[in-house]
Amino acid sequence: MTGSGIYVHLPYCGSRCGYCAFVVSTDRSTAGAYWNALDREMELVGPEASGAYFDSLYLGGGTPSLTPEAELRHLLDGLRRSFAVSPGAEVTLEANPEDVTAVSAQAWASAGVNRVSVGVQSFEDRELSAVGRRHDSAGASGALETLAGRGFSLSGDPILGLPEQTAASFRRSVARLGGSGVEHVSVYLLEAEKSRTMEEDRRLHPERYLSDDEQADAWLEMGESLSAAGFRHYEISNWAREGRQARHNVKYWRRTPTLGLGVSAHELWAGRRRANVSGLERYIGELESGRRPVARDQALGADEERREAIVLGLRLSEGVASGRFGEAVREFGDAALGADSEAWLEAGLLEEAGGRIRFTERGFLLSNEILCRFV
């Protein structure tokens with residue numbers, strides 16, 4: 001039986017990176033009130049999750065690695081008191097390299113963290129500086145070495161499309177990450193349009209950025225490199241060594257129930273999709289008044305669930321059952337989708353094998369354009 005998951009959003013950061021579009025704050029004056037609000041939210045949500053058990057906890061942000069040891073231990077202990085967390089649960093902490101020391105690593109392990117996702121982004125100092133990262137290449141390497149020595153399961157996340165990045169520099173970063181001891185790699189494409197500053201910079205200085213075609217070539221080459229290094233491409237943006245897939249993140253793509261705690265957190269629970277408010281002060285204020293700060297609460301009907309099963313299932317390399325895919329094409333597509341789906345198969349963007357439809361490596365590059373046809 002698969003357990004459920006809990007995501008907790010910790011919004012505080014030392015600085016805001018140029019590409020960041022998440023709900024974060026560099027002002028930690030509200031941190032004390034925020035921890036209290038999380039305590040209250042756990043008290044309110046706990047009864048709703050009675051009878052469920054959880055085998056993954058994920059602390060995201062923000063920069064969870066900035067959380068003081070006492071608060072981190074308090075948070076994880078509170079989660080275990082409020083919810084039935086299994087002893088072997090995957091407990092992930094997102095960390096920036098500059099926060100990793102032998103002391104912090106010991107504190108995380110002592111609190112129960114067993115997996116760390118490190119915001120490497122790049123091993124090129126020029127690229128890191130261009131987006132305002134506070135660490136350098138040496139710091140990233142040192143952080144991974146420190147954590148590997150403490151026995152954590154490690155994930156690293158390079159970004160493709162950074163300013164000043166070249167195909168050669170991205171190739172070097174991927175090679176260094178693949179040989180660093182990490183067991184999981186999440187690769188992100190820079191979404192410049194989500195940052196007004198970066199979008200304007202790309203418009204004014206296109207020479208600082210790889211073209212779309214160059215990014216596509218770099219993506220395919222990266223996949224070949226990671227595969228040769230022993231990683232399996234199991235989701236659009238994720239590669240892992242055998243048995244090291246992100247247990248928590250796979251729940252999202254398989255629509256396994258997950259709770260979301262903290263400002264702007266999202267969840268799927270009891271057939272409903274909910275999202276907390278994205279304003280930090282409002283989040284704290286609602287909980288101080290004894291109310292869960294939900295901004296969206298939508299019951300999912302059978303049609304929505306079937307759509308999600310296709311759109312999220314196709315993100316995984318295992319794809320979806322051929323029969324279910326065919327039903328979705330007939331039920332949810334526009335008039336041209338049937339013909340287009342055949343064209344995607346003929347063009348090698350999709351493939352059918354073992355009674356399942358899935359993206360090819362080339363198909364993953366165009367997955368957004370294809371998936372949006374089912375929404």
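In what follows, Lys and Arg count as positive and Asp and Glu as negative, while His and the chain ends are not counted, and the place of a charge is taken as NZ of Lys, CZ of Arg, CG of Asp or CD of Glu. On that basis, the mean positions of the 42 positive and 55 negative charges of the chain lie 4 Å apart.

The structure is a predicted model, in which local features need pLDDT of at least 70 and side-chain atom pairs count only at pLDDT 80 or more, whereas totals for chains, interfaces and linings use all residues. Residues are numbered from 1 along each chain as its sequence is written, and side-chain values use heavy atoms, with hydrogens and water left out.

The chain contains 15 helices and 16 strands, which are DSSP runs numbered from the N terminus (helices: H or I, at least four residues; strands: E, at least two). Some values for the chain as a whole are set out below.

| Property of the chain | Value |
|---|---|
| Box filled by the C-alpha atoms, along the principal axes | roughly 55 × 50 × 40 Å |
| Buried residues (under 20% relative accessible area, 1.4 Å probe, protein chains only) | 51% of the 375 residues |

Notes:
Buried < 20%, exposed > 50% of the residue type's maximum accessible area, 1.4 Å probe, protein only.
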